[in-house]
Amino acid sequence: MSVAMTINSGLRRVPVWPFYFLFLLPMPVFFWWALNGELGADPVKVLEHRSGLFALQFLIASLVVTPLLRLTRVNLIRFRRMLGLMAFFYAVAHLTVFLVLDLQLVGSLLVSELTKRPYIVVGMTGFLALVPLALTSNDWSIRKLGAARWGKLHKLAYLALAAGAVHFMWSVKAWPLEPVAYLVGAALLLGWRVRTARKRKRRNLQTA
């Protein structure tokens, strides 16, 4: 038995549902730390950064599942929906912290931020791309839309990834290693997706 088969055999015995609770846990912990003054002089910025970073990390993890399967035969497909929903949850948390705690729901401040800071518009674009993905991340939607249409819709995840990585890079206004690494990782995933789509198109033309 190959290493991949051994790993897959073990993964089939691992339930998915406990990971929802496990991965949701960090955000309430960070809020508790913020309330107790354990996140430094600007806890709102820390909450914004951590929630946004978690969203980007989970989104990348969900999009790594397919390349990992094709390159190594390790199958994490069962966990992909959970990872995508975690990305959406933390994106909602990130936006909520920004609108409620940072801007305090003042509409004029939001308009000003969108005008002065284009990276916020990019981030909003990424968030909006995630909304239909979260709403259709269920078996009923797959049956209703059909697998082909559902698959096309969920390509919006790559738009969300690109927007999220650019938003992170642009927001720091510098070139530190962390946002650069995420931007490079996003570029590699997007490049892999384009390359795969081109290969599939060539195969379809050859068999037509």
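The model is predicted, so to speak of a local feature a pLDDT of at least 70 is needed, side-chain atom pairs count only at pLDDT 80 or more, and totals for chains, interfaces and linings use all residues. Residues are numbered from 1 along each chain as its sequence is written, and side-chain values use heavy atoms, with hydrogens and water left out.

**Salt bridges**

Side chains of opposite charge can pair when their charged atoms come close. Here a salt bridge is a side-chain nitrogen of Lys or Arg within 4 Å of a carboxyl oxygen of Asp or Glu, and the count by this rule is four.

| Pair | N to O distance |
|---|---|
| K45 and E48 | 3.7 Å |
| R81 and D139 | 2.8 Å |
| E113 and R117 | 2.5 Å |

How exposed are these residues? For accessibility, buried means under 20% relative accessible area, exposed over 50%, and partly exposed in between, with a 1.4 Å probe and protein chains only. Helices, for their part, are DSSP runs of H or I with at least four residues, numbered from the N terminus.

K45 and E48 both sit in helix 4 (residues 43-72), and because they are three residues apart, about one helical turn separates them. As a rule, an α-helix has 3.6 residues a turn, so residues three or four places apart point the same way. K45 is partly exposed at 43% relative accessibility, whereas E48 is buried at 9%. This pair also belongs to a network of salt bridges that links K45, E48 and D102.

The bridge between R81 and D139 ties together distant parts of the chain: R81 lies in helix 5 (residues 77-102) and D139 in helix 8 (residues 139-145), 58 residues apart. R81 is partly exposed at 32% relative accessibility, and D139 is partly exposed as well, at 45%.

In the bridge of E113 with R117, E113 is buried at 14% relative accessibility and R117 is partly exposed at 27%. E113 is found in helix 6. Beyond its neighbours within four places in sequence, E113 is in contact (heavy atoms within 4.5 Å) with F98, L103 and I120.

**Helix 4 against helix 10**

The axes of helix 4 and helix 10 (residues 156-172) come within 10 Å and cross at roughly 145°; axes are lines fitted to C-alpha atoms over the stretch in contact, and angles run from 0 to 180 degrees between N-to-C directions. Helix 4 brings H49, L53, L56, L59, I60 and L63 to the contact, while helix 10 brings A157, Y158, A160, L161, G164, A165 and F168. What kinds of residue make up this contact? They divide into eleven nonpolar, two polar and no charged. In this scheme Ala, Val, Leu, Ile, Met, Phe, Trp, Tyr, Cys and Pro are nonpolar, Asp, Glu, Lys and Arg are charged, and the others, Gly among them, are polar.

**Helix 5 and its cover**

The 26 residues of helix 5 should span 38 Å at 1.5 Å a residue, and its end C-alpha atoms are 37 Å apart, which agrees. The expected span is 1.5 Å times one less than the number of residues. Buried residues of helix 5 include F79, M82, L83, M86 and Y90. Among the elements that cover the buried residues of helix 5 are helix 1 (3-11), helix 4 and helix 7 (118-135). Just after helix 5, Q104 takes a positive phi of about 55°.

Conventions:
Helix = DSSP H or I, 4+ residues; strand = E, 2+ residues; numbered from the N terminus.
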